[in-house]
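Work through the exercises below with the sequence and the model at hand, and try each task before reading the solution under it.

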Amino acid sequence: MPEGVQLPKSYYEAQKIMEDLGFTYMIIEACPNSCMLLKSDDISLNECSVCNASRWKEGNGGISNDGVEHVKPKAAKQTKYFPLKPRLQRLFMCSKTAKLMRWHAEERTDDEVFRHPADSFAWKDFDEKNTIFSEDIRNVRLGLALDGFNPFRSMNIVHSTWPVILVPYNLPPLMCMKQPFIFLYVLIDGPKAPGDKIDVYLQPLIEELKELFEDGVATFDSFNNEMFQMRVGLLWTINDFPAYANLSGWSTKGEFACPPCNSETGYQRLYFGVAGKTKDNLNSHRDLQLMGIRSRYHLKTNEAGVEYANPGDFEMNNKGKDLFFLGLLAARMPEEAASNIARHQLCFVDNCVADLEAARARIVLTLCELEKIFPPSFFDVMEHLPIHLADEALLTGYVIFRWMYPIERWMYPIERYLLTLKQYVRNRACPEASIANGYLMEECMNFCVQYLDDVQSKSNRRLRKKNDDDDPKKGKDIVLQETTRTQAHRWVLFHTEAVAPFLDEHLVTIRRQYPSADEHFVKSVHFREFATWFKEHVLSLQRRGVILSEEIVALSSFPVPSAKRFKSYKANGFLFRMKSIDNHRSTQNSGVTLLQADHSEESSPYYGKLTDIIKITYSIDIKYVLFKCDWVNPSTGIKFDRFKFPLVNFKCLLYKNDRIGDEPFIKFGML
């Protein structure tokens, strides 16, 4: 320890220091049926004033009729509250986080792209309606999340613990959903879930939020070295659909199950319903018959009087299912792609209004296509809700800030946080107490490490690389073959914006030189001779004193012979691997697709396999990472099945002998 710093002599002293810093919680007892909280004027009651249920556990002592306490009683139900004020004040105690709490107003790029909650319509509307609140950029905007989980690792034990979680959105996008900045506010004991009575447990939260919104609390801002009155506003809630019903009081079942649509929802109650878990059985075919639609699938009766239905277009028997699963078993998917729902348009980090409106139209068309395939029993309210996903994204911005559920290698922030809470359980007899104490210890450590620059923690660990350009040590040094060097140089010249005027000038020169030549001849000469002409033309301009950019001067010469070769390359969050490496992997990341320049519906994309990844250098600041591919001939190597899925034959390649006139290269950003 540094000189003059001493550790507490006992656990008691350490706990007192934690309490002085606000790392504490209070316990409030509740009615076992969740009717009321026993606090304030009701703290001395022995029974619930609503349902008359005893507040004490049976067989654990209590108070007799004569008012004598025999054994210290145990409460039948408790809830733990973690005060919000000191937790928000601690965000301003460290100058680093105090500065970051201003990021949304001082450093955010306001270009109508949804990257942060501050870009959302809900945030901006809140500021317009609460001008006094929005005058101080340090005032905190919160999101509230709640969900139930089983704290035990065995599903044989029926137990539901419900935490209420608060998320401050003032921080930058990469921080505001990280666990060190997610606050546990309420922890409702199990084993029974609160259900529709969850509002009872939110009473202290509502009281504290009202106080913080109207009056605020005096807070020291260590970045500005001054006191200010911090106010807090709640923007929205984060929950799944069943929890939405509990929190809002809106029934998510029946004819008005969709809250946004309300009475405007079109619905029809099925005549026969669906038994069990399947949504496609004889009853669903009877529904089709009574609704008078899709007569092909109406029930028929055979000679023995047994009802049957024609199989659907996509129906599989047991043998077909076996073949399907064997196909999946043998399939080699790209890493992170098979379950990566984050690549859906709604989850993009740079959506704008036009993107989300286009996504909304596609969702409607997709549901219409599904209605042609599945029976009406398939379309309950959960299949209806995607209609509103784009509208929700428009209101609240980048959807990661309201994610709940697990995907790919990591989980949505809130659901991942519930997993962290579950890992705090050490005493299975008192799981909620274990979670509360584990959370306080973690919170205390996260606070302390903010003052330790040389200690890696959850709040300052290095971010995962998005591009392999961030790692200068990666790659093997090679010397380019002349054919590869020429192919790569030609590709760079024909696909660099700064060179475009010179490309047009060269075409004009060729047409002037060959006035009677057709367009095919002109482009052929242009393709073969541009690199040489461009170098000579730049030298001529320099001799005449014409000032040219460093990029043009560098590109006029061939790249240096030395280069780097990569076996794999990560770009824009996607992993690419060479075909030779993929052959020995259970996943495949060598497949690439390139849309043709005209982007028309009639033009087929180019499909290929990645055979080489190189980085070529023109100067210290001008480098290109290029992918060399075996491209399939779009004229002879691609067919479409009856469902319009492409069938690609990699025996029909566009280039076979790696000649100097081939164009096998592409830049990763174009894929």
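**Exercise 1.** Decide whether Asn52 is buried, partly exposed or exposed, and find what sets its backbone apart.

Solution. In this predicted model, the relative accessible area of Asn52 is 55%. Since exposed means over 50%, Asn52 counts as exposed. To place the residue, look at the loop between strand E2 (37–38) and strand E3 (62–63), where Asn52 is found. Turning to the backbone, Asn52 has a positive phi of about 65°, although it is not a glycine. As background, most residues other than glycine have a negative phi.

**Exercise 2.** Find which two residues are joined by a cis peptide bond, and say where the proline lies.

Solution. The bond joins Gly190 and Pro191, and its omega is about 5°. Pro191 is part of the loop between strand E8 (183–188) and helix H7 (198–201). For background, most peptide bonds are trans.

**Exercise 3.** Work out how helix H12 (residues 353–371) and helix H14 (residues 389–396) are arranged, and which residues make their contact.

Solution. The two helices pack at an angle of about 165°, with their axes 8 Å apart. Because angles over 145 degrees count as roughly antiparallel, H12 and H14 are roughly antiparallel to each other. The crossing in which H12 passes H14 is left-handed. From H12 the contact takes Val353, Leu356, Arg360 and Ile363, and from H14 it takes Leu389, Ala390, Asp391, Ala393 and Leu394. Sorted by kind, the residues of this contact are seven nonpolar, no polar and two charged.

**Exercise 4.** Repeat the analysis for helix H17 (residues 482–494) and helix H19 (residues 519–543).

Solution. The axes come within 10 Å and cross at roughly 85°, which makes H17 roughly perpendicular to H19. On the side of H17 the contact is made by His489, Arg490, Leu493 and Phe494, and on the side of H19 by His526, Phe527, Phe530, Ala531 and Phe534. The residues of this contact divide into six nonpolar, two polar and one charged.

**Exercise 5.** Trace the strand pairings of E17 (residues 562–565), naming a residue pair for each partner strand.

Solution. Strand E16 (residues 476–479) pairs with E17 in the antiparallel sense over four bridges, and here Asp477 stands opposite Lys564. E17 also runs antiparallel to strand E21 (residues 606–617), to which two bridges join it. In that pairing, the bridge partner of Arg565 is Ile614 of E21.

Methods:
Residues numbered from 1 in each chain as written. Predicted model: local features only at pLDDT ≥ 70, side-chain atom pairs only at ≥ 80, totals over all residues. Heavy atoms only, no water. Pairing = 2+ DSSP bridges. Axes fitted to C-alpha atoms, helices over the stretch in contact; angles between N-to-C directions. Parallel < 35°, antiparallel > 145°, perpendicular 65-115°, else oblique. Left-handed = near helix turned anticlockwise from the far one by under 90°. Contact = heavy atoms within 4.5 Å. Nonpolar A, V, L, I, M, F, W, Y, C, P; charged D, E, K, R; others polar. Buried < 20%, exposed > 50% of the residue type's maximum accessible area, 1.4 Å probe, protein only.
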